[in-house]
Amino acid sequence: MEQTLEDPPTSAVLLDHCHFSQVIFNSVEKFYVPGGDITCHYTLTQHFIPRRKDWIGIFRVGWKTTREYYTFMWVNLPVDPNNISAKQEVQFKAYYLPKDDEYYQFCYVDQDGVVRGASIPFQFRPENEEDILVVTTQGEVEEIEQQNKELCKENQELKDSCASLQKQNSDMQAELQRKQEELETLQSINKNLEQKEAQDKTEQLEHLKLENGQLFLSLTEQREHQKKLEQTVEEMKQKEMAAAKKQQELMDENFDLSRRLGENKIISDALQREKERIEKENDLLKKENRRLLSYMGLDLDSLPYQVPTSDQESAEQNPGLVYGNPYSGIQESSSPSLLSIRKCPICESDFADGICDHILEQQQMLTPCLKCPICDKVFPEKEKQIFEDHVFCHSL
């Protein structure tokens, strides 16, 4: 069983309180040869019950507490619990054993740190010469002498090597002294550099603090300037939104004006065509008037031309007659018979007052009206808005 790294349970119990008779150590030698493993044999009494944390330690004679062990090994619990009085053993490796020739003893310590048994003292030393009978031969003697010569030679070489090493040691001591002085010089220089560096760092820190303060002030000013710029940008955005709104309104108004302009152009073209048509009809009426006057024996150029106020009012009230009433230029004084008795130029019927049915029908035809230039639908002049909406529907 190898030794573990875990420390065994110990206590500061004095020897007077120990029970050394509960574990008996057997076959303990007076001395053990160094360099070899040793086996410790022991027997447990009937009144002692071993536990898992019990251990056996090697103590130097004269120990006071169980903490003074030199080395230890954990004990093995009995294989048969009913036969605890059987002999037990543990083995100590040579590596962990003492190397001096002091007296030691085995001690059995339970897991409470109480000593339950102790062995007789023993030593770790080689066997005495008086106890050993040495028998040698001549060959062995010569071999030993040869080994002695080689050892002497090796010893001389070791002495020479030792002298060389001592010289090297002296040189190294001198070199060490020189290095020590250089180290002190370097330490002094390093100390000066550290002081200078600390001073430079202090000055640099002060300079950085000053720059930090200036940067903080500049940052504050920049923030204020940025705030003003943000306000300006916000105002510009508001103005831009207002301008966009105004532009949209102007565009809507422009679109409405364009629409109205298109409608007015359509109406203007329609009115122009209507004007041309009315002029043509007026020319036809003039020719008809000349024919009727010629039939009546009158010349239109020989009649005195006079525009009474009543005729002007009639022309204003009836804008469909571009050249006025063709019969308004005849004077009553020049032809009294025409004033008292009138004859229709179409049916040649006489009428003293009023208007002939044919003339009334012709005047109704000359009444102003609005005609659609696309579908030729006719609207009264008082329904102008309906006429414009109707023409605009054709442009959609």
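I began with phenylalanine 25: leaving aside its neighbours within four places in sequence, Phe25 is in contact (heavy atoms within 4.5 Å) with Cys40, His41, Tyr42, Ile56, Phe106, Cys107, Tyr108, Gly117, Ala118 and Ser119.

I noted that this is a predicted model, where local features need pLDDT of at least 70, side-chain atom pairs count only at pLDDT 80 or more, and totals for chains, interfaces and linings use all residues. Residues are numbered from 1 along each chain as its sequence is written, and side-chain values use heavy atoms, with hydrogens and water left out.

I looked up the nonpolar cores next. A nonpolar core is a set of buried Ala, Val, Leu, Ile, Met, Phe, Trp, Tyr and Cys residues joined through side-chain atoms within 4.5 Å; buried means under 20% relative accessible area, exposed over 50%, partly exposed in between (1.4 Å probe, protein chains only). The largest one has 21 residues, and Phe25, Tyr42, Ile56, Phe92, Phe106 and Tyr108 touch the most other members. Strands (DSSP runs of E, at least two residues, numbered from the N terminus) S1 (23–26) and S3 (38–44) are among those that each supply at least two residues of this core. S3 gives the largest share, four residues.

I then checked the sheet. S1, S3 and S6 form an open antiparallel sheet in the order S1-S3-S6; strands pair if DSSP finds at least two bridges between them. S1 and S6 are the edge strands. Four bridges join S1 to S3, and isoleucine 24 has threonine 43 of S3 as its bridge partner.

Last, I searched for disulfides (cysteine sulfur atoms within 2.5 Å) and found zero in the whole structure. The cysteine sulfur nearest to that of cysteine 372 belongs to cysteine 375, 3.5 Å away.
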